[in-house]
Amino acid sequence: MRIPMTLLILPLSLLFGSPLFAADAAPVVNKGDTSWMLISTTLVLMMSVPALALFYGGMVRAKNMLSVLMQVFVVFSLVTVLWVIYGYSLAFTTGNAYFGGFDRLFFNGMFDSATGAFSMAATFSKATPIPELVFAAFQATFAAITCCLILGAFVERVKFSAVLIFTVLWFTFSYAPIAHMVWFWAGPDAYTDAAAADAANATAGLIWGWGALDFAGGTVVHINAGIAGLVGAILVGRRLGFGREAMKPHNLPMTMIGASLLWTGWFGFNAGSALEANNYAALAFMNTFLATACAVLSWTFGEWVLKGKPSMLGGASGAVAGLVAITPAAGNVGIMGAFVIGLAAGLVCLWGVTGLKKLHRIDDSLDVFGVHALGGILGALLTGVFNSPDLGGPGLVTDWVTGSTGFPGIAAQVMTQAKAVVVTVVWSGVVAAIAFKVADLIVGLRPSEDEEREGLDTTCHGESAYHM
Amino acid sequence: MKLVTAIIKPFKLDDVREALSGVGVQGVTVTEVKGFGRQKGHTELYRGAEYVVDFLPKIKLEAAVQDGQVDAVIEAIIGATKTGKIGDGKIFVLSLDQVIRIRTGETGAEAL
């Protein structure tokens with residue numbers, strides 16, 4: 001069959017929402033897989049609160065610490081609520097190639113109180129479902145952290161109300177459709193024969209249909225967020241005194257704790273994206289472990305050689321760069337691929353926050369673009385290289401009816417990956433620009449100069465982080 | 001009476017306190033301060049952003065003493081803090097017009 005669905009071997013995506021196993025006898029949930037996914041979901045929740053909040057919070061000035069913690073805390077909660085109301089339905093139910101439908105508003109149909117039946121979500125193995133509530137919860141944490149990641153680009157100078165308005169718009173019109181395009185498909189059980197496969201392929205998301213590989217969110221999460229952050233940094237504008245006054249991180253130990261918790265939580269993010277407790281979860285787990293360590297080393301030694309001293313902030317930044325870059329590749333490459341991706345991520349992102357940043361002069365305050373967009377693009381492209389069985393990768397599933405795998409060739413796969421990157425960059429950039437403009441029209445993006453100078457903790461939230 | 005004010009390296013504080021006790025100084029006030037002198041600051045680099053830190057952390061120590069104690073106090077401070085490198089600090093000696101102990105109302109040398 002032609003390839004609309006050469007998809008990868010387990011990208012994270014998954015299933016959708018409608019009657020998968022519907023009429024048959026009640027499907028039997030795999031308890032091991034379900035347990036792993038519940039744990040993974042909890043780990044990914046921890047990545048936002050507190051991990052990302054602390055990682056970001058440590059890098060701002062003391063007068064803005066609580067504003068960062070509060071933005072992350074509330075955006076995470078806001079997106080979780082929107083996810084249940086309509087986000088999950090828009091992202092993971094059958095619709096068109098860009099958006100899902102409205103079948104699952106308020107998680108409708110996931111639990112039938114009349115019969116006591118729970119709906120099932122497919123994994124990447126046939127007849128191996130997990131409760132759809134678990135899949136939806138797991139995906140909620142992804143949607144929420146993606147919106148939180150963006151915040152780092154315009155900290156210390158944005159109105160809390162503007163952040164919330166932007167988040168609602170961007171989540172709805174960028175996160176949900178990109179997730180649908182990259183990850184929505186009918187699930188392996190829909191692929192019973194060639195005709196059924198064609199029918200199933202017709203319902204898949206646009207980018208999934210191209211055969212782009214994104215195991216855990218290189219495009220959906222990191223490029224998506226990184227580009228929105230860059231647009232935000234431009235539209236919100238630079239902080240007062242940017243480039244003239246010292247804006248030193250106020251608490252790098254917090255940043256180190258945050259980065260360490262991110263590393264820990266990322267095992268749920270990446271290995272959890274296998275959706276099962278199986279070989280691919282193991283592969284994703286080890287690759288996540290290794291690539292991160294490689295990136296810590298490459299950033300540290302790169303900084304040592306180029307800037308004179310190996311800094312703690314550099315080490316922590318290297319860890320996040322490695323985690324970002326291995327995300328699309330996690331279960332899609334072999335161990336050697338993880339080595340290369342990790343080492344490359346540390347060096348490329350180091351350049352992203354130094355050389356590149358000096359060129360563009362945009363106040364992307366916590367380097368959301370330099371680390372997440374750049375690392376995400378690097379990881380997405382290298383996934384197309386190291387997925388190759390010739391380079392130790394597992395290849396991808398070329399026929400979901402039989403489950404047979406293959407590989408279209410490095411050049412072809414990298415091209416497919418690049419298309420996915422371009423769509424994500426353009427889509428997220430346009431939606432972010434509109435969303436910020438709307439927020440600007442409604443409430444304005446920035447506090448007054450006096451408020452900004454005094455710090456957002458007291459002027460926006462009426463409290464201060466430290467009393468000493 | 002004199003007010004002896006010394007700017008010293010923070011890690012020398014304990015040594016100075018001991019030395020001052022040894023020459024009979026009864027009380028000292030200590031403040032954490034920042035400043036610059038001949039010792040240059042340093043550069044800090046956070047990702048791409050480079051900041052020159054001109055003001056270095058120091059300790060300011062103040063002791064009110066009798067005129068006859070001044071030389072011994074100065075010697076004690078120098079003995080405890082001198083490393084011979086730039087950044088050891090400075091000592092200022094000022095005349096002191098009056099001293100009052102709040103609790104008792106004693107004044108002058110009685111109050112030291």
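**Helix packing, chain contact and local backbone features**

Helix H4 (residues 160–183) of chain A packs against helix H14 (residues 410–442) of chain A at an angle of about 160°, their axes 8 Å apart. The model is a predicted one. An angle over 145 degrees counts as roughly antiparallel. H4(A) and H14(A) are therefore roughly antiparallel to each other. The crossing of H4(A) past H14(A) is right-handed. On the H4(A) side, the contact is made by Ala162(A), Ile165(A), Phe166(A), Leu169(A), Trp170(A), Phe173(A), Ser174(A), Ile178(A) and Val182(A). The residues from H14(A) include Ala420(A), Thr424(A), Trp427(A), Ser428(A) and Val431(A). Also among them are Ala432(A), Ala435(A), Phe436(A), Val438(A), Ala439(A) and Ile442(A). By class, the contact of H4(A) with H14(A) divides into 17 nonpolar, three polar and no charged residues.

His180(A) also belongs to helix H4 of chain A. The cut-off for a buried residue is 20 or more other C-beta atoms within 10 Å. His180(A) has 29 such atoms within 10 Å, so it is buried. Leaving aside residues up to four places away in sequence, His180(A) touches Leu90(A), Ala91(A), Tyr98(A), Phe99(A), Gly100(A) and Gly205(A). Asp33(A) lies 147 residues from His180(A) in sequence. In space, the C-alpha atoms of His180(A) and Asp33(A) are 23 Å apart.

Helix H8 (residues 252–270) of chain A and helix H10 (residues 312–326) of chain A pack at about 15°, with axes 9 Å apart. That angle makes H8(A) roughly parallel to H10(A), since angles under 35 degrees count as roughly parallel. H8(A) passes H10(A) in a left-handed crossing. From H8(A), the residues in contact are Leu252(A), Thr255(A), Met256(A), Ala259(A), Leu262(A), Trp263(A), Trp266(A) and Asn270(A). They meet Met312(A), Leu313(A), Ala316(A), Ala319(A), Val320(A), Leu323(A) and Ile326(A) in H10(A). The contact of H8(A) with H10(A) holds 13 nonpolar, two polar and no charged residues.

Helix H9 (residues 279–307) of chain A and helix H11 (residues 335–353) of chain A form a further pair. Their axes come within 7 Å and cross at roughly 35°. The crossing of H9(A) past H11(A) is right-handed. In the contact of H9(A) with H11(A), 17 residues are nonpolar, six are polar and one is charged.

Helix H7 (residues 218–236) of chain A was examined for its length. At 1.5 Å a residue, the 19 residues of H7(A) should span 27 Å. The end C-alpha atoms of H7(A) are 25 Å apart, which agrees. H7(A) is mostly covered, with 17 of its 19 residues buried. Gly237(A) follows H7(A) and has a positive phi, near 95°.

Several other backbone features stand out in chain A. Most residues other than glycine have a negative phi, and most peptide bonds are trans. Val49(A) and Pro50(A) are joined by a cis peptide bond, with omega about 10°. Pro50(A) lies in helix H1 (residues 31–57) of chain A. Phe107(A), a residue other than glycine, has a positive phi near 60°. Phe107(A) sits in the loop between helix H2 (65–92) and strand E1 (111–112) of chain A. It has 18 C-beta neighbours inside 10 Å and so counts as partly exposed. Arg361(A) is not a glycine either, yet its phi is positive, about 60°. The loop between helix H12 (355–360) and helix H13 (368–386) of chain A holds Arg361(A). With 10 C-beta neighbours inside 10 Å, Arg361(A) counts as exposed.

Chain B meets chain A through seven residues, which are in contact with 13 residues of chain A. Strand E3 (42–46) and strand E4 (49–53) of chain B are the elements that give two or more residues to this side of chain B. E3(B) gives the most, with three residues. The residues on the side of chain B that touches chain A comprise four nonpolar, one polar and two charged.

Lys85(B) is located in the loop between helix H2 (70–81) and strand E6 (89–95) of chain B. Lys85(B) counts as exposed, with 8 C-beta neighbours inside 10 Å. Gln39(B) is 46 residues from Lys85(B) along the chain. The C-alpha atoms of Lys85(B) and Gln39(B) are separated by 9.0 Å.

How values were computed
Residues numbered from 1 in each chain as written. Chains lettered and ligands numbered in written order. Predicted model: local features only at pLDDT ≥ 70, side-chain atom pairs only at ≥ 80, totals over all residues. Contact = placed C-beta atoms within 7 Å. Helix = DSSP H or I, 4+ residues; strand = E, 2+ residues; numbered from the N terminus. Nonpolar A, V, L, I, M, F, W, Y, C, P; charged D, E, K, R; others polar. Axes fitted to C-alpha atoms, helices over the stretch in contact; angles between N-to-C directions. Left-handed = near helix turned anticlockwise from the far one by under 90°. Parallel < 35°, antiparallel > 145°, perpendicular 65-115°, else oblique. Buried ≥ 20, exposed ≤ 12 C-beta atoms within 10 Å, placed from the backbone. Expected span 1.5 Å × (residues − 1).
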